[in-house]
Amino acid sequence: MGSHSLLAKAYDSLGASAESTPVGITVAADPAVVASTTQLAVQQGKSATYDVKLSTQPSANVTVTTARTGGNTGLSVTGGASLTFTPSNWSTAQKVTLTADSSGTGAATFESTAPGHGKAAVTVTQIAASKAYGARFLELYGKITNPANGYFSPEGIPYHSVETLIVEAPDHGHETTSEAYSYLLWLQAMYGKITSDWTKFNGAWEIMEKYMIPTHADQPTNSFYTASKPATYGPEEDTPQQYPTALDPSVPVSSDPLAGELKSAYNTDDVYGMHWIQDVDNTYGFGNTPGGKCEAGPTETGPSYVNTFQRGPQESVWETVPQPTCDASKYGGKNGYLDLFTGDKSYAKQCKYTTAPDADARAVQAAYWADLWAKQQGKGSAVSGTVAKAAKMGDYLRYAMYDKYFKKIGNCVGPSSCPAGTGKDASHYLMSWYYAWGGSTDTSGGWAWRIGSNFAHSGYQNPLATYALSAHADLKPKSSTGAADWSKSLQRQMEFYRWLRSDEGAIAGGSTNSWAGRYATPPAGKSTFYGMYYDQQPVYHDPPSNQWFGFQAWSMERVAEYYQQTGNAAAKAVLDKWVKWALSKTTINPDGTYQIPSTLQWSGQPDTWNPSSPGANSGLHVTVADYTNDVGVAAAYAKTLTYYGAKSGDAKAKSTAKALLDGMWSNYQDSLGVAVPETRSDYSRFDDSVYVPSGWTGKTPNGETIDSSSLSYNYVNDAAYNASYDIWLDPTPRTDGVNRTEIMIWLNKVGPIQPIGSPVGNAGVGGRDWQVWSGSNGMNDVLSFVAPSAITSWSFDVMDFVRQTVSRGLAQNNWYMTSVQAGFEPWQNGAGLGVNSFSSTVNTGSSGDPGGPGGPGDPGGSTACKVAYGANSWQGGFTAAVTITNTGSSRVSGWKLAFTLPSGQQITNAWNANMSGSSGAVTASNMAHNAEIAAGGQVTFGFQGTSSGAFARASGFSLNGTACTTV
């Protein structure tokens, strides 16, 4: 019963799936009146409408009556007060019109009722005649909070997205993050500003506290924490393949200076901060539900804490291993998931949590505005309890200011030689990427740990929250040094922005006190900020963390709010140059659509910081690689310009902010809110292999096997050889004689040797690029994948290569894999060559389709084909949709469509295909999900581009080398 979100999910023959846009439905126990919204705004002297209909076909006419049942008397029903629904039009919406008088403000409740039917209630808020944007906000708020639209779980937890198929930092749309909770707080603070109703803001904090801040039962052994020994050192490595890393208790760590004063202030050993990610629907099945549940399993119905990233800067979201926050070794391998990440002598049942400081700071930021706006309404007491909790959260957030192991800040090289900090000299006073804590779950003899982080990213800084925690009375922390620490942090953050400001005005990456995460020696000549090294892409490299314009907009929004509230000169100086640069890269089209920066590219580095005489940074540069109309980034950018324009009076900033907001509202609304389609070329990475160490095997809570085929080689010079991994396939389960097809994975080749056959193209398989050769040795077919550079060790799924072989017609889905081998073919010399390790885990099962192709390649074969080419052009640009029809009698397994673009046209992005070339002769090839075209079937892809001169269509289409007819 109640409101629900319904969507359709389709699956293809290879197991890939896609979902439709959700549709809201209401399931009622009895017949009911259904309203189109639960929230509505009406400006003074104006009218607004909402729709009503019936949930069930009646047997006779039904009259629906709408009236105000309480609240603001300046609102009244002026149309549709009595509506008749018949057995034939019961599901056709009819409008109720509400009108506001010319002077009042406040909310009223209107109920639409009918005999024998459940009622529909709508909260209507009268706002000032000039508040058009307030009316828009409440309309959008009604869509977001409508349960049928799918933004929230039954518990009221905000999903990361309405859709479930999404891969960003979370790898599932119905996960949530502390970021989503912080934006919910901001949403409800704005609702309180407009309606004077602060119950929803307080309720949002209560939901966050219940589900996203670990309870005492979730962190039960903090009383065993020893501040003088906060954690055991463990080095970070560059790639997932270098994990697990061994803990090293011989490396000295320093004392935690915060634990004592936090316990004194709040009379608890527990940490008050949000864990950063949660599996709201318990999709992964760990069942780590807040309140002390530890691996309760897939049947647990509540939300579940999870962890993901933990294996170095090269670990992308496509390569993470989802893992439980509380690991009792019930799932995973013999040590649960723990030995995938750290090497230790033994493993105990334990919990571990990580805070994203930008989200906790954003929660403080929302509390600051809520406190300010509530006081302006004379309702400060309505939010005072929640604001005090935000101050407490800010007190614990100081852990993000500290070196990971509380070592001294500056020139910190060598894990053992880098000196330990003494008190506050272990603090860099910046917002780092995380702080983390955990411990055993055995309360009879436990242990606990806490760490900070060495990587500070410009996008995570928050001067507004820092200002609030240092100077706003209601948000000053209770601890003895909290406010003073935040005051110093405010100064340090503004210096940080100035240090990272490029010659053009954009803000570069950040800094680290531990090069490579293991206190390594940085490259010679690396510039510094208070002894911390410049890091162009702090924390993650795939993709580079400095390239997204959203971090610019997020961070500058906070600077602009701080500037608007205080008039701070340092904030204005940073904003003046940044806004000028950003506006120069912004396009507002006549129809209200827009283009703002998306991907940034960086070169050079800042000058070493001199607080008394900052450098000009003439060698630090940024360029814009591509542009976007992303509404989330545009909204943050518009807020930046709004706050900056309000304080500085900059007319262009104000007009551009208005144009962005109006453009989104006019062009990008739908039934669920405001959104634009997004092209995700990285979705081709769904087939990327996830590294699992050699010999490691285990099970997920849902029963899937976790394992890996892996190998490690030792190479020599002064020889001629190839190092290969062989996979043999045959139509029969033979154990002797010659197999039909041999797959050779050439991990290295030295000297003038080459595979059998000839090169037929390139392919992406197992997350790596390969040159593909095909031929026969006279006895069997050979398909070879040649690595462009030597691979000394690797863990991968052999089925990625099998799927490629099937897609190229050299094997069939019902064949057998008869053997796998690893070794060398030495042609000359070769003493010292060796296979250090080689393992392969085989999952037995029924024969049949092994899955879709492992990735795009250069398929063989030809077919009869027809191409439909449709285009939409405007001055300077165009989009094209291309539909390929297989007019032959057999299916196409893997396709490449070659064609020629007219002179002056250039492709800038594409969807549903991988593009080779951008102008003149180009080729589109299949992605993993659309490699098959059945006989008579179709596949469609598209692209966007720039053009000059008169627009003309592409021509000369050929599919896998065969010319196609064009329609």
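Two strands count as paired here if DSSP finds at least two bridges between them. With that in hand, an open sheet of five strands can be read in the order β6-β13-β12-β8-β10, with mixed pairing. This is a predicted model, in which local features need pLDDT of at least 70, side-chain atom pairs count only at pLDDT 80 or more, and totals for chains, interfaces and linings use all residues. Residues are numbered from 1 along each chain as its sequence is written, and side-chain values use heavy atoms, with hydrogens and water left out. Helices (H or I, at least four residues) and strands (E, at least two) are DSSP runs, numbered from the N terminus.

- Strands of a sheet pair through backbone hydrogen bonds, either parallel or antiparallel.
- In the sheet β6-β13-β12-β8-β10, the edges are β6 (39-43) and β10 (82-85), each of which pairs on one side only.
- Neighbouring strands of this sheet are turned against each other by 30 degrees on average, direction ignored. For such angles, axes are lines fitted to C-alpha atoms (for helices over the stretch in contact), and angles run from 0 to 180 degrees between N-to-C directions.
- Strands β12 (residues 106-113) and β13 (residues 120-127) run antiparallel and are joined by seven bridges.

- A second open sheet to look at has five strands in the order β49-β50-β47-β53-β54, with antiparallel pairing.
- Its edge strands are β49 (914-916) and β54 (962-963), and each pairs on one side only.
- Within it, β47 (residues 896-900) and β50 (residues 921-925) run antiparallel, joined by five bridges; Leu897 has Ala924 of β50 as its bridge partner.
- Strand β52 (residues 938-946) is joined to β45 (residues 877-886) by nine bridges, and the two run antiparallel.
- β52 also pairs with β48 (residues 906-911), in the antiparallel sense and over five bridges.

**Helix packing**

- Two packed helices are described by the angle between their axes and the distance between the axes.
- The axes of α11 (residues 631-648) and α12 (residues 651-667) come within 8 Å and cross at roughly 150 degrees.
- Helices α11 and α12 are therefore roughly antiparallel to each other. The cut-offs are under 35 degrees for roughly parallel, over 145 for roughly antiparallel, 65 to 115 for roughly perpendicular, and oblique for the rest.
- The crossing of α11 past α12 is left-handed, a term for a near helix turned anticlockwise from the far one by less than a right angle (right-handed if clockwise).
- Residues making the contact (heavy atoms within 4.5 Å) include Ala638, Leu641 and Tyr644 of α11 and Ala657, Leu660 and Met664 of α12.
- The contact residues of α11 with α12 divide into 13 nonpolar, three polar and one charged. Here Ala, Val, Leu, Ile, Met, Phe, Trp, Tyr, Cys and Pro count as nonpolar, Asp, Glu, Lys and Arg as charged, and the others, Gly among them, as polar.
- For α8 (residues 482-500) and α9 (549-566), the axes come within 13 Å and cross at roughly 125 degrees, which makes α8 oblique to α9.
- The α8 and α9 crossing is left-handed, and its contact is made by Leu490, Met494 and Tyr497 of α8 with Ser555, Met556, Val559 and Tyr562 of α9.
- Those contact residues of α8 and α9 are six nonpolar, one polar and no charged.

**Aromatic pairs**

- The structure holds 50 aromatic pairs. Rings of Phe, Tyr and Trp (its six-membered ring) pair if their centres lie within 6.5 Å; planes under 30 degrees apart count as stacked, over 60 as edge-to-face and the rest as tilted.
- One of them is the stacked pair of Tyr183 and Trp186, at 6.0 Å centre to centre with 10 degrees between the planes.
- Both Tyr183 and Trp186 lie in helix α2 (residues 178-195), three residues apart, about one turn of the helix.

**Backbone details in loops**

- Tyr243 and Pro244 are joined by a cis peptide bond with omega of about 10 degrees; Pro244 sits in the loop between α3 (199-211) and β15 (245-246).
- Another cis peptide bond joins Asp542 and Pro543, with omega of about 0 degrees; Pro543 is in the loop between β27 (532-535) and α9.
- Tyr429 is not a glycine, yet it has a positive phi of about 65 degrees; Tyr429 lies in the loop between α6 (380-396) and β22 (435-440).
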